[in-house]
Amino acid sequence: MPQPWTIKHKPTSLKEVVGNREAVQKLVEWVRSWDKDVPKHRAAFIYGPPGIGKTVTVEALAKDFNMELIEKNASDYRTEEAVRRIAGLASQYRSLFSAKRIILFDELDGLTGSADKGGVKAMVEVIQNARCPIVLIANNAYDPRFSILRNYCLLIEFKKPTISEVMRHLKNICLKEGIHTDENALKFIAQRSEGDIRSAVTDLQAVAEGKKNITYEDVSWLGFRDRQEVIFNVLRMIFYSKTCSGAKHAASMAEVDPDMLLEWIYENIPSHFQDPHELARALDAVAKADVYRGRIKRTQDWSFTRYMLDLMTAGVAMSRVSSKPSGWVPFHFPTRISALSKSKEERVMQMEIGRKIRRKCHISAARAAKEVLPYLRIIFKNNAKMAAGIAKWLDLTPEMIYYIAEDEAKTEEIKRLIGI
Ligand SMILES: Nc1ncnc2c1ncn2[C@@H]1O[C@H](COP(=O)(O)OP(=O)(O)O)[C@@H](O)[C@H]1O
Ligand SMILES: [Mg+2]
């Protein structure tokens, strides 16, 4: 399991934290003021949306200032008693031999209900008597639960970083990882994250897996992944709904058109209906839906759509009589569609190579793709030197060489011989 990049590339000093310059400055000045005397506010309350660097700022600050950071999460200070246990630590800024100390109560939003009221009360007392800086962090400082607490704190708002700030952070990571990226690809990830740097970094790592070069096409599947999660839920609701209306309602949430939804349902029925009689009934319902689909195509009479939809949703759901979901069953992308899109990509590539051949051999690109390409493939697989000569003559791109050779090592060898 590779290390998450949010950890690997976590800022270790304040200058690496992107965005929120003013807020960070406010925090730094407040911590500095402790060197003179105990300041008016003994606690700072940092608040703002998740994933923008609230925690990491406090950690980096402690490192920059060489302070001992005592970090606690909601689970550590759930009760009054637990808070009081931490109180002792707050009674000293520095002792003769130790570093200056800073105490962080992180993720205050995690405190729930009345059971924690005592915890908040105890926290107020700890702050009132603190001899060292205390930092609180929550998403929303204006939650009524924190109203008393707020009076004792210097409030510091953290805002979402801008798209270009997120991009800068992503660029730095790519630099360190030795990955080339398209400006547009980074922009796509940054925009999608809506200022949540944590999720932007996680997305970047997911698309960069095993790649040294990231293009816009590589990142566009992130959008698809979101839609895929939606469709999985829709399928689950259709396959396991106990009512017709539940199954029908699910279809209205799918973000794909009815034809595509039918493909998804058809593809996944066999793995979700184990009982052969139920399976037969479910497939029968889908087959009938498909008949209506054909009728709609032919007649352009869209009023048939409701029969198609009812059959493929309610019809499928009602096929289940007694069987229960059998553990966790993954969903599959419709193979028919992926085969189609794969062969489309292939056709595009073949035509591009065909065009290169046309330029030199004066035959049509389609004919070149059909008649010349198979021979090139044999050459590229068996004779790298000859392949290199041909690739150079035809001015093939590395992607084309890879497509013809169908092998990474061979491609590298040919590229080396050409000197690209
Ligand atoms: N402003 C930022 N600058 C650099 N990295 C960040 C920033 N914000 C978040 N990150 C990355 O995301 C991770 C989570 O950030 P964190 O500080 O825990 O967010 P928050 O506490 O605001 O929810 C960090 O470890 C870091 O890798
Ligand atoms: Mg945090």
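Which residues does Ser13 touch, not counting residues up to four places away in sequence? The views below come from a predicted model, where local features need pLDDT of at least 70, side-chain atom pairs count only at pLDDT 80 or more, and totals for chains, interfaces and linings use all residues. Residues are numbered from 1 along each chain as its sequence is written, chains are lettered from A and ligands numbered from 1 in the order in which they are written, and side-chain values use heavy atoms, with hydrogens and water left out.

**View 1. Ser13 and its contacts.** Ser13 touches Ala60 and Asp64 (contact: heavy atoms within 4.5 Å). Its relative accessible area is 8%, so Ser13 is buried (buried is under 20%, exposed over 50%, partly exposed in between; 1.4 Å probe, protein chains only). Ser13 lies in the loop between α1 and α2 (helices are DSSP runs of H or I, at least four residues, numbered from the N terminus).

**View 2. Lys15 in the loop between α1 (5-8) and α2 (21-33).** Lys15 counts as exposed because its relative accessibility is 73%. The C-alpha atoms of Lys15 and Met260 are separated by 49 Å.

**View 3. Trp30 and Trp34, an aromatic pair.** The whole structure holds 9 aromatic pairs (Phe, Tyr or six-membered Trp rings with centres within 6.5 Å; planes under 30 degrees apart are stacked, over 60 edge-to-face, the rest tilted). Trp30 and Trp34 are edge-to-face, 6.1 Å centre to centre, with 90° between the planes. Both Trp30 and Trp34 are buried.

**View 4. Arg320 over the ring of Phe273.** The charged end of Arg320 sits 4.2 Å from the ring centre (NZ of Lys or CZ of Arg within 6 Å of the centre and within 35 degrees of the ring normal).

Methods
Helix = DSSP H or I, 4+ residues; strand = E, 2+ residues; numbered from the N terminus.
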